[in-house]
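Here are my notes on the model, point by point. Have the coordinates open while you read.

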Amino acid sequence: MEEIKILSFAKINLSIDVTGITEDGMHAVDMIMHQISFHDDVNVRFLPDQAKPKGNVDIKVSTNRYYLPVDERNLAYKAAALMSSLYADKVPGGRVEIEIFKRIPVAAGLAGGSGNGAAVLHGLNQLWKLGLSLSELCSLGARLGSDVPFCVMGQAGYNFCLPKSIRKDKMAVSCARATGTGTELTPLKGVKQSLVIAKPPMGVSTAEVYREIDSCKIKERPDNDALAKGIMDRNFALIYDNCINVLENYTLRAYPEVKKLKELLSQNAEAEKVLMSGSGPTVFGIFKSISDAKNACEMLRKQRYEAYWTKTTK
């Protein structure tokens, strides 16, 4: 048996703009994402079986969250199925076992599932000695979901079990600008920030938000050129001015619980910026110090919100 453990990090959106509709009917976006240190653990094992023909691979997924699907609906399962299908001629028969220890809230706009899928791509690339580059892994990730390539990039620089060629790749960064359907990525140098992430006891459908955003009147959009410059220059005033998520125009109206949470966190005098991540329902606050973030986290927990203090990876 061979095994590898990959840290599967969450992400936040420092900005999201919706710029149109692509030819295949998907929404085009322009957004900047940042990886955070809050993570799931993904253990990937491969048990070869000489009695099975080459490329014949069974897949088993398990998790500590009883309500999560462990079949082909799970992105980790899909990632293993994709890898075993594409590289059947290079893979011996056997069984892939994927054990996911979840910390990241589910359906929360934090790319938890996407990160798990990315972790399996990294893990099997190593266990099967496929030698795929980071760019090739990102391309595979794009076939699984729009957030997966970014998760592949972010995990590359912060999992020291991965080879140097992956960890030191120019795309192995924790911050990136994403355009198109979210899979066209431009690396940015991340910034060090203390955070609180919190969510109400509910989920939000990403498909619903994108479907309904077209009918919303959007008054303010991020200037992602300025935001990218602010990140590169460490100009936090410029960063905060352009931390704008246009999806709030629908989610905050359709889900009053998310609006209430954002307003509550915004009332904290120590919060530098408060924004919804992804399509929601998670809201995050940026703080100058980790102690301020911890205090805000405790306040939110007393209000019965699921809340965590963390920081960006840099």
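1. F46 is buried, and W128 is buried too; by that I mean under 20% relative accessible area, with exposed being over 50% and partly exposed in between (1.4 Å probe, protein chains only). Before going further: this is a predicted model, where local features need pLDDT of at least 70, side-chain atom pairs count only at pLDDT 80 or more, and totals for chains, interfaces and linings use all residues. Residues are numbered from 1 along each chain as its sequence is written, and side-chain values use heavy atoms, with hydrogens and water left out.

2. How many aromatic pairs does a search of the whole structure find? It finds five, a pair being rings of Phe, Tyr and Trp (its six-membered ring) with centres within 6.5 Å; planes under 30 degrees apart are stacked, over 60 edge-to-face, and the rest tilted. One of them is F38 with Y308, which is tilted because the planes sit at 35°, with the ring centres 4.5 Å apart. F38 is in strand β2 (residues 27-48) and Y308 in strand β10 (residues 306-311), so this pair ties together parts that are 270 residues apart in sequence. Helices (H or I, at least four residues) and strands (E, at least two) are DSSP runs, numbered from the N terminus. F38 and Y308 are both buried.

3. Back to F46 and W128: they make an edge-to-face aromatic pair, 5.6 Å centre to centre with 90° between the planes. F46 belongs to strand β2, while W128 sits in the loop between α2 (112-127) and α3 (134-142), so the contact ties together parts that are 82 residues apart in sequence.

4. Now the charges. Side chains of opposite charge can pair when their charged atoms come close. The structure holds 16 salt bridges, each being a side-chain nitrogen of Lys or Arg within 4 Å of a carboxyl oxygen of Asp or Glu. D30 and R177 form one, with the closest N and O atoms 2.8 Å apart. It links distant parts of the chain, D30 in strand β2 and R177 in strand β5 (residues 175-180), 147 residues apart. D30 counts as buried at 14% relative accessibility, and R177 is buried at 18%.

5. Have a look at K102 and D40 too, whose side chains meet in a salt bridge (2.6 Å, N to O). K102 is in the loop between β4 and α2 and D40 is in strand β2, so the pair ties together parts that are 62 residues apart in sequence. K102 is buried, with a relative accessible area of 4%, and D40 is buried at 0%.

6. E248 and K262 also meet through their side chains in a salt bridge (2.8 Å, N to O). Here the link runs from helix α9 (residues 248-254) to helix α10 (residues 256-266), with E248 and K262 14 residues apart. E248 counts as buried at 12% relative accessibility, and K262 does at 16%. Elsewhere, E3, R45, R95, E97 and E99 are linked in a network of salt bridges.

7. Some backbone spots to check. Most residues other than glycine have a negative phi, and most peptide bonds are trans. A111 is not a glycine, yet has a positive phi of about 60°; it is found in the loop between β4 (94-101) and α2 and counts as buried at 10% relative accessibility. R234, also not a glycine, has a positive phi of about 60°. R234 lies in the loop between α7 (224-233) and α8 (236-241) and is partly exposed at 27%. The peptide bond from G280 to P281 is cis, with omega near 5°, and P281 is placed in the loop between β8 (271-276) and β9 (283-287).

8. Which residues make the nonpolar surface patch of about 390 Å²? Y66, Y67 and V106 do. Patches are made of residues with over 30% relative accessible area and no salt bridge, nonpolar side chains (Val, Leu, Ile, Met, Phe, Trp, Tyr) being joined within 5 Å and like charges within 9 Å; accessible areas come from the Shrake-Rupley method with a 1.4 Å probe, and for residues only the protein chains shown count as cover. Y66 is in the loop between β3 (57-63) and α1 (75-86) and is exposed, with a relative accessible area of 78%.
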